[in-house]
Amino acid sequence: MMKHWAIAASAAALAVTWSAPDAAAQKSKDTLRVAWQYTVENVDNYFNTNREGILFSRMVWDTLVDRDPKTFKTIPNLATSWKWADDRTLEMELRQGVKFHNGEEFDADDVVFTLNWISNPENKVINQSNVSWIEKVEKLDKFKVRIISKKPFPAALEFLTIPIVMYPNEYYAKVGPKEMGLKPIGTGPYKVTKIEPAKEYTLERWEGHFEGGSKPHAKIKNIVIRTIPEMSTQIAELLAGGIDWAWYVPTDQADRLERVPSLKVDRSETMRTGYIGFDASNRTSNKAINDVRVRQAIAHAIDRDAIIKNLIGGASRKIHAPCFPTQFGCDDSVATKYEYDPAKAKKLLADAGYANGFDLDFYAYRPRDWAEAIMGYLTAVGIRPKLQHMTYIAVRDKNHEGVTPMYFMDWGSYSINDVSALLPNFFGGSPDDFARDADVQKWLAAGGSTVDEKVRKENYSNAIKRITERAYWLPMFSFVTNYAYTKDLDFTPFADELPRYYLYGWK
Amino acid sequence: MLSYAFKRLLLALLVVLTVSGITFTLTNAAIDPAKALAGESATMADIEAIRKAYGFDRSYLVQYFDWLGGALTGELGESYRMRRPVSVLLLERLPVTMTLGVCALSFALLLSIPLGVVAALKPNSPVDRLALSLSVLGQALPTFWFALMMIILFGVILRWLPISGSDTWLHFVMPSVALGYYATPAFMRLTRAGMIEVLASDYIRTARAKGLRPASVLFKHALRNAVIPVVSLAAVQFGFMLGGSVVIETIFALHGVGFLAWESISRSDIPVVQAIVLLISLFYIVLTLLADLLNAYLDPRIRVA
């Protein structure tokens, strides 16, 4: 509270008195100074798990195919064309004339080595589910490969657009993750000139970047990325002109920064979806929540529009299906829509035998005020919620232990634009599954084991209809990310929450 | 003297072992390292694969002794998240924390000793009250808030000082003040009390009677004896500053041992957490031991007590 007041006061003071000399100075040095809150412990793409790691990867390395950030269509990058030889085999033609930052030529050997290395469990790549679908990769000739999946894997192309980048085989075989994390070599538009691990990364535009791929030559010459863990410090640096770009700015701070003449603020919707999950399978000891009428009552009791308007802001939207609207298979039309209706909620509770309410443990880790808003709505219909607010990992542990009758969580799907990156995780029978609905599990398995789009859509629609009818989840809203940056920067945010620094230039 | 030192050393080692054992158990009991390492998007299969690969499925005792055996030979293991030797990480981060600690301590002493002397010269006067208030403010102000206030005033509005990072000596000014101000009251009160006692003693009356200059009486004869307890407190406070700099390092983006500890705890990077706890408890214990020995050396009365 105090620190917000303080930041507000200084932002106000600056809005009135200050004109920006320092931001212009960095534009004249053609250097974009970026702040990240979370450290990337190891910039090797396969040995970190945070989003900033993906951002780094996209600057330094390339994927075989890429995603058009506006249309979300798959477009060529290091692969120029591809076809499905059968439902497990993907054949790809590779681009010629591409070089790595160290002069190594890119060819099929790099693809074969990279994919076989990362899919080998002995190499302990951290995000196994990104790579474990690969059975083996074969070289067909110098610029042609065959990728074989263990089972039909329709989302293969999606997984090849973001998380799987190509490494130089000779270099990586020699140095491994340790050295790659200190001296990264890739084909991307930026090369790394200096790394102080977890602290500061300095990148320079690479003049040898190949033409014709999904990424143009970078416009800005230098990028310096610093890890500044405290958001208030980042905001102070923005105000003082010490940095040029920051993200994940809290909504109330974003409001104030908008009034500073030297800065711009963008509030962009992301693919991250927030949802309330319920125990519908008797895993916890809360009998009330097992009753579908109680879950439906809760769905009707919460005014999602009000929460979005007052707490989230920006381009966040209410969602009805348990997925992000652009994801393949996310059929909003079959989802049961729960409108805000406290009277109906009370009636449903009475029908279920809980006219006098019941006690409910509610687990959450996102901003406390969001959880408290939700609790307010529950209290209004007679339920007695008790907030268990803890860190993400702690909530996740409790979730897996099966002790969370109601929880507010979110999922970014790793920016994969296919429901197979979300639904099977939570309704496919794992410890994350609180529905344990055999039909849903069957439909999800069917949707994930064929490349026939029509069959996939049908199965996923059935699953979504059942999940929403029985209120296994109450999908809440899409998350918004707030960006704050110098007005000299020509910046565009994208829905997949992956700023592409090589696309931005100075105004 | 020697047997005193030896006994204290043995006790110190026992404390270090106990602290590291308790930390290990609590860290592993609180959070599953396989889940923390696997990250947000990991599936159960990912987590189990990691659990086996990194040996997290062995018993706590086996894991702890495995680690201890290595630590005794200087082999502190490898960071789960950074895949680099823990000893290298610590050596990289230590200079920043040491610099911050030394600067913070220097600031605290430079502020508190003069304040204490001034207060002692005129006890219970307005000057004394002002000096006391100034120093107590240091302990009352929440460090986090004080640091942010300084950032806003000196970094954003006046632009006199850089806000974050550790590139130049200027970067350490605000962090040192924020960290050091907290220790000021203790030093100041000790100096004041010591000076009041010493100034009332016979040998000072003798010195004055001999016609020595007031400055000489104050600094050469009085202060030198009055600050003996301050020196030993300084040693202990230095340990506190080295171990308690997490908040300051995080706010000012100083990548020292404190910040590394915070990151490693939140990501359950157990080898790093263990090593840092060991390092900081060693610091505390060595510094406390040094303080005791220094006291005993400076004041022979303590040795025979």
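## Fold of chain B

Of the 305 residues in chain B, 42% are buried. The model is a predicted one, and in it chain B contains 16 helices and zero strands. The C-alpha trace of chain B extends over about 85 × 55 × 30 Å along its principal axes.

Contacts in chain B can also be described by separation along the sequence. Where the two residues are at least 6 apart in sequence, 73% of the contacts in chain B link residues at least 24 apart.

## Confidence of the prediction

For the complex, the predictor reports an ipTM of 0.84 and a pTM of 0.83. Chain A has a mean pLDDT of 90, with 95% of its residues at 70 or more. In chain B the average pLDDT is 86, and 96% of the residues score at least 70.

One stretch of chain A calls for caution. Across residues 15-24 of chain A, pLDDT remains under 50, and the model shows 13 contacts beyond four places in sequence for this stretch. Where pLDDT is low, predicted coordinates should not be read in detail.

## The interface between the chains

The two chains meet through 38 residues of chain B and 43 residues of chain A. On the chain B side, at least two residues each come from α2 (33-38), α3 (44-53), α7 (143-157), α13 (246-251) and α14 (257-266) of chain B. Among the elements of chain B, α7(B) contributes the most to the side that touches chain A, namely eight residues.

By residue class, the side of chain B that touches chain A comprises 21 nonpolar, eight polar and nine charged residues.

## Helix α17 of chain A

Which residues of helix α17 (residues 438-448) of chain A are buried? They are A:V440, A:W443, A:L444, A:G447 and A:G448. These residues lie on the same side of α17(A), because the arc they cover around the axis is only 125°. Exposed residues are found on the other side of α17(A), where A:A438 and A:D439 are located.

The cover over the buried residues of α17(A) is provided by elements including α16 (423-427) and α18 (453-469) of chain A.

Methods
Residues numbered from 1 in each chain as written. Chains lettered and ligands numbered in written order. Predicted model: local features only at pLDDT ≥ 70, side-chain atom pairs only at ≥ 80, totals over all residues. pLDDT = per-residue confidence, 0-100. Contact = placed C-beta atoms within 7 Å. Helix = DSSP H or I, 4+ residues; strand = E, 2+ residues; numbered from the N terminus. Nonpolar A, V, L, I, M, F, W, Y, C, P; charged D, E, K, R; others polar. Buried ≥ 20, exposed ≤ 12 C-beta atoms within 10 Å, placed from the backbone. Arc of directions from axis to C-beta.
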